[in-house]
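Here is a short tour of a protein chain, meant to be read with the structure open beside you.

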Amino acid sequence: MSAWLLRRWYSPHPAWFLIPFSWLFWLLSALRRGAYALGILPVARLPVPVIVAGNISVGGTGKTPFVIWLAQELKQRGFRPGIVTRGYGANLSHARLVTADAGAHEAGDETLLLARHGGVPVAAGRDRVAAARLLAEEQGVDAIISDDGLQHYRLPRRYEIVLLDGSRGLGNGWLLPAGPLRERAARLQGVQQVVIKQVPGGSFAWPGALSMRLKADTAVSLQGGERKPLSASAGQSVHAVAGIGNPEQFFATLRAAGLTVDGRALPDHAQPLPADLEFGDKLPVFMTEKDAVKCAGMTLPRHWYLEAAAEFDAAEAVRLLDDITRKLKG
């Protein structure tokens, strides 16, 4: 995605020549959604309820850490949840179960993170309905969390959660390609919960939204698995690589911990190449865990990744989980 397009998405004024394409995008999206609402296109039936955690905007909103957090919390409440995801970046011809020892090329980077940290069964596939059936029939789950899929209307859902970035918000408010939105802001009024990922300097707010923080204070060595507090690197000059939806937020996290950062942004979901990870010196190199899972087999003795985990205020977490529990049992 070009830097120019991103600047226009998050500036007050869109590129005027893209506006007609946004109108066309809105028309096609509205027709498709209306077809499902009217029963012209059938919504699938599943034996277990589905929670969708998705976006109406393009770019990183902390969705993967949130889904991991939600799966773990529901498990603690006695549910047997499973996670379905598209498996972006993998060549999946059909739905399949994904285990923690899978390769990123087999399942996708985000899918592998879900399998490693969620502690619940994970199924990936372009057809989320088929992936959900796989979990229900073969894994005995009693609730399914869909990682993304808000616009996958064939997938039935009992609870919808939209995640937004606290600094980017809704951007310029236009639909793709003139803006970053997949659906109009009015869509937020029809979901059960909005969650805003809080970042330094972020000011976006939405009525009734919950605040989520990403805790990223532990660095893990790619070679050997040594763990250390990120604060132990304060005052050092380091390199950083990020192939995520908003690389600058990752670089800002490192700088906020006191590191002097030379950042290198890669396209979202990009496979890091050896040349992307070398800088011609012996300074440490930091990356996201999403990038690290794609570096298996590389000899990277100076490279570290940050673990990221979602956090909520206790009262807000209880409010969200109580509401979801009522809907799942209703």
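The protein chain exposes about 15200 Å², and carbon and sulfur atoms supply 55% of that area. Please keep in mind that this is a predicted model. Of the 330 residues, 52% count as buried.

## Overall build

The protein chain contains 9 helices and 13 strands. Its radius of gyration is 20 Å, close to the 20 Å that the globule rule gives for 330 residues, so the chain is as compact as a globular protein of that length. Along its principal axes, the C-alpha trace spans about 60 × 50 × 40 Å.

In soluble globular proteins, nonpolar side chains tend to be buried together. Here, the largest nonpolar core has 40 residues, and those with the most contacts inside it are Ile51, Phe66, Trp69, Leu70, Leu74, Ile161 and Ile324. Helix H3 (residues 63-76) gives the most to this core, with 7 residues. Another core, of 28 residues, lies apart from it and has Val84, Val129, Ala131 and Val141 among its members.

Leaving aside neighbours within four places in sequence, Leu70 is in contact with Ile51, Ile145, Ile161, Leu321 and Ile324.

## Strand S13 and its partners

Strand S13 (residues 303-311) is joined to strand S8 (residues 210-221) by 7 bridges, and these two strands run antiparallel. Within S13, Tyr305 stands opposite Val220. Strand S12 (residues 285-288) also pairs with S13, this time in parallel and through 4 bridges. There, Thr288 stands opposite Leu306 in S13.

Which residues of helix H7 (residues 247-256) are buried? They are Pro247, Gln249, Phe250, Phe251 and Leu254. The buried residues of H7 pack against several strands: S6 (159-165), S7 (193-197), S10 (237-242), S11 (260-265), S12 and S13. Just after the helix, Gly258 takes a positive phi of about 95°.

In the loop between S10 and H7 you will find Ile244. Is Ile244 buried or exposed? Its relative accessible area is 19%, and buried means under 20%, so Ile244 counts as buried. Not counting residues up to four places away in sequence, Ile244 touches Phe250, Leu266, Asp268, Thr288, Lys290 and Asp291. Two of these names have already come up: Phe250 is one of the buried residues of H7, and Thr288 is the residue opposite Leu306. As for Leu266, its C-alpha atom is separated from that of Ile244 by 7.4 Å, although the two residues are 22 apart along the chain.

## Aromatic pairs

The structure holds 7 aromatic pairs. A pair of aromatic rings is described by the distance of the centres and the angle of the planes. Two of the pairs are set out here.

| Ring pair | Distance of centres | Angle of planes | Arrangement |
|---|---|---|---|
| Trp4 and Phe17 | 6.2 Å | 10° | stacked |
| Tyr36 and Tyr153 | 6.4 Å | 45° | tilted |

Trp4 lies in helix H1 (residues 3-9) and Phe17 in the loop between H1 and helix H2 (19-37), so their pair ties together parts that are 13 residues apart in sequence. Trp4 is partly exposed at 37% relative accessibility, and Phe17 is partly exposed at 42%. Ring pairs also link Trp4, Trp16 and Phe17 into a cluster.

Tyr36 is buried, with a relative accessible area of 16%, and Tyr153 is buried at 11%.

## Backbone details in the loops

Asp148 has a positive phi of about 70° although it is not a glycine. Asp148 sits in the loop between S5 and S6 and is buried, with a relative accessible area of 16%. His269, another residue other than glycine with a positive phi, has a value near 70°. His269 is placed in the loop between S11 and S12 and counts as buried at 18% relative accessibility.

Finally, look at the peptide bond from Leu176 to Pro177, which is cis, with omega near 0°. Pro177 lies in the loop between S6 and S7.

Notes:
Residues are numbered from 1 along each chain as its sequence is written. This is a predicted model: local features need pLDDT of at least 70, side-chain atom pairs count only at pLDDT 80 or more; totals for chains, interfaces and linings use all residues. Side-chain values use heavy atoms; hydrogens and water are left out. Two strands pair if DSSP finds at least two bridges between them. A nonpolar core is a set of buried Ala, Val, Leu, Ile, Met, Phe, Trp, Tyr and Cys residues joined through side-chain atoms within 4.5 Å. Buried means under 20% relative accessible area, exposed over 50%, partly exposed in between (1.4 Å probe, protein chains only). Contact means heavy atoms within 4.5 Å. The radius of gyration is taken over C-alpha atoms; the globule rule is 2.2 Å times the number of residues to the power 0.38. Accessible areas come from the Shrake-Rupley method with a 1.4 Å probe; for residues, only the protein chains shown count as cover. Rings of Phe, Tyr and Trp (its six-membered ring) pair if their centres lie within 6.5 Å; planes under 30 degrees apart count as stacked, over 60 as edge-to-face and the rest as tilted.
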